[in-house]
Amino acid sequence: MDPGVETEFREFVVARSAALFRTAYLLTGDRHAAEDLVQSALAKTAARWGRLRDPGAVEGYVRRAMYHEQVSWWRRRSRVAEVAAEWLPEQAGGEHADAADLRLVMREALARLTPRQRTMLVLRYFEDLSETEIARLLGVRVGSVRSQIYRSLERLKQAAPELSAVRELG
């Protein structure tokens with residue numbers, strides 16, 4: 001990679017790595033797996049950097065690489081996410097404890113979704129992409145995006161009824 005191109009790539013990584021890590025964490029649910037996912041996607045991007053000059057195309061390429069890498073990982077592992085249930089953490093009082101409990105419920109509910117459903121929710125509600133943008137990014141139809149998001153939300157409601165009760169109170 002020539003020095004000018006390397007500088008452009010480094011600037012992209014510095015500017016977007018935090019957002020990419022957040023997305024990767026939401027896709028994987030694990031900090032270390034998210035770091036690996038971002039590194040893998042950035043390595044693929046670096047190899048094709050010369051062909052990805054449009055800034056919008058670069059961002060989409062990296063996110064698509066992360067999604068495909070995560071789906072491949074799930075297929076290789078073909079395992080069910082495990083949640084420790086032998087003991088409960090000590091409860092601290094107040095709003096902090098309620099927020100922690102809600103995060104645990106949300107994490108467990110998200111772990112029950114398929115990788116595709118979790119990806120659609122992450123892109124729609126955490127990355128704030130429109131259904132059209134998600135469809136373009138992932139190379140699927142808009143109707144597929146809508147149905148995956150609908151099914152995801154339904155599964156979340158079934159998996160964690162506490163979330164619906166909290167949302168109604170708030």
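Helices here are DSSP runs of at least four residues, numbered from the N terminus, and it is in this sense that Arg 64 is assigned to helix 3.

**Figure 1. Overall fold of the predicted model.** The structure shown in every view is a predicted model rather than an experimental one. The protein has eight helices and zero strands, so that, by the DSSP assignment of helices and strands, its elements read α-α-α-α-α-α-α-α when followed from the N terminus. Of the 170 residues of the protein, 31% count as buried.

Figure 2. When its neighbours within four places in sequence are left aside, Arg 64 is in contact with Arg 136, Leu 137, Leu 138 and Gly 139. Ala 41 is 23 residues away from Arg 64 in sequence, and the C-alpha atoms of these two residues are 8.5 Å apart in space.

Figure 3. Gln 70 is placed in helix 3, which covers residues 55-77. Because its relative accessible area is 5%, and buried means under 20%, Gln 70 is classed as buried. Apart from residues up to four places away in sequence, Gln 70 touches Leu 27, Thr 28 and Leu 37.

**Figure 4. Close-up of the crossing of helix 1 and helix 5.** Helix 1, made up of residues 3-28, and helix 5, made up of residues 115-126, have axes that come within 9 Å and cross at roughly 145°. The crossing in which helix 1 passes helix 5 is right-handed. On the side of helix 1 the contact is made by Thr 23, Leu 26 and Leu 27, while helix 5 contributes Arg 118, Thr 119, Val 122 and Phe 126. Sorted by class, the residues in this contact of helix 1 with helix 5 are four nonpolar, two polar and one charged.

**Figure 5. Close-up of Arg 124 and the ring of Tyr 125.** Arg 124 lies over the face of Tyr 125, at a distance of 5.7 Å from the ring centre. As for pairs between aromatic rings, the count comes to one, taking rings to pair if their centres lie within 6.5 Å.

Conventions:
Residues numbered from 1 in each chain as written. Predicted model: local features only at pLDDT ≥ 70, side-chain atom pairs only at ≥ 80, totals over all residues. Heavy atoms only, no water. Axes fitted to C-alpha atoms, helices over the stretch in contact; angles between N-to-C directions. Helix = DSSP H or I, 4+ residues; strand = E, 2+ residues; numbered from the N terminus. Left-handed = near helix turned anticlockwise from the far one by under 90°. Contact = heavy atoms within 4.5 Å. Nonpolar A, V, L, I, M, F, W, Y, C, P; charged D, E, K, R; others polar. Buried < 20%, exposed > 50% of the residue type's maximum accessible area, 1.4 Å probe, protein only. Phe/Tyr/Trp six-rings, centres within 6.5 Å; stacked < 30°, edge-to-face > 60°. Lys NZ or Arg CZ within 6 Å of the ring centre and 35° of its normal.
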